[in-house]
Amino acid sequence: MLYLIGLGLGDAKDITVKGLEVVRRCSRVYLEAYTSVLSVGKEALEEFYGRKLILADREEVEQEADNILKDADISDVAFLVVGDPFGATTHSDLVLRAAKLGIPYRVIHNASILNAVGCCGLQLYKFGETVSIVFWTDTWRPESFFDKVKKNRRNGMHTLCLLDIKVKEQSLENLIKGKKVYEPPRYMSVSQAAQQLLEIVQNHRLQGEEPAITEETLCVGLARVGAEDQKIAAGTLQQMCTVDLGGPLHSLIITGGNLHPLETEMLSLFSIPENSSESQCIDGP
């Protein structure tokens, strides 16, 4: 049996009792290590689970999935995912591969960022399509996701923005040379995402278009949701540019406009003080 087990969002103890029981009896246990991270490292998980974990990076999962599935038809293999197993589409591919090989599978769900964002007070059924915001480079500055933000806003829906994670990434030079040298991990912050969004807003204005959002659009920044030190900040997109929510992981919500009174009241608990929006960030790094 192949088990796909969600680990939740906080630390080692967020795994379900059912999931922990399975982990402790499996012959091999893989930890998916590129779509998200917990606030604790692999060693803390191993200590709590009482099992050695095999790190599975993007290359392992996407190109060498057969290694993970090896002997899963005659023994139990666990594949651990931060959040919920299907929070990332990559893991559907693993299930399809197992099915083609005649390997049975079972999913043990857990909390993911897709439902835990309700902690800020915005109502989950008012969220539209989720988008991802990636780190821009000198030569690659994608804006296509903004069409989904525009569509959500037009329908009065909130947009959850998942922010980029760069883990075990190679520089272009090392990639070309075939060197297995990896860059230090990078995690996009709410302020970085807000800065890129404001540049997109500015680009739309320069093209004579009315942007779907402005500097004054109400947004919510979230950091380390599910952890004891989680932080939430509600304010304008401009304010989000200078807010410091600490370490990863961060998420950003662009509200859909007309808020329910309960949403407004809940967001007031996390309001950024007015004077924190004084510094401009459109030209920031």
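This is a predicted model: local features need pLDDT of at least 70, side-chain atom pairs count only at pLDDT 80 or more; totals for chains, interfaces and linings use all residues.
## Overall form

The protein chain has 285 residues, and its radius of gyration of 20 Å agrees with the value near 19 Å that a compact globule would have at that number of residues. Along the principal axes, the C-alpha trace of the chain spans about 60 × 50 × 30 Å, and the secondary structure comes to 11 helices and 12 strands.

## Division into domains

Two domains are assigned along the protein chain, with domain 1 covering 2-111 and domain 2 covering 114-269. The C-alpha centres of domain 1 and domain 2 lie 27 Å apart, and the contact takes 11 residues from domain 1 and 12 residues from domain 2.

## The contact between the domains

About 870 Å² is buried between domain 1 and domain 2, and carbon and sulfur atoms give 55% of that area. On the side of domain 1, the residues L9, V37 and D57 supply 41% of the area buried against domain 2, which is more than any other three residues supply.

By class, the side of domain 1 that touches domain 2 has 5 nonpolar, 3 polar and 3 charged residues.

Definitions and conventions:
Residues are numbered from 1 along each chain as its sequence is written. Side-chain values use heavy atoms; hydrogens and water are left out. Domain bounds come from an automatic or database domain assignment. Contact means heavy atoms within 4.5 Å. Buried area is the accessible area (1.4 Å probe) that two parts lose on being put together, summed over both. Ala, Val, Leu, Ile, Met, Phe, Trp, Tyr, Cys and Pro count as nonpolar, Asp, Glu, Lys and Arg as charged, and the others, Gly among them, as polar. Helices (H or I, at least four residues) and strands (E, at least two) are DSSP runs, numbered from the N terminus. The radius of gyration is taken over C-alpha atoms; the globule rule is 2.2 Å times the number of residues to the power 0.38.
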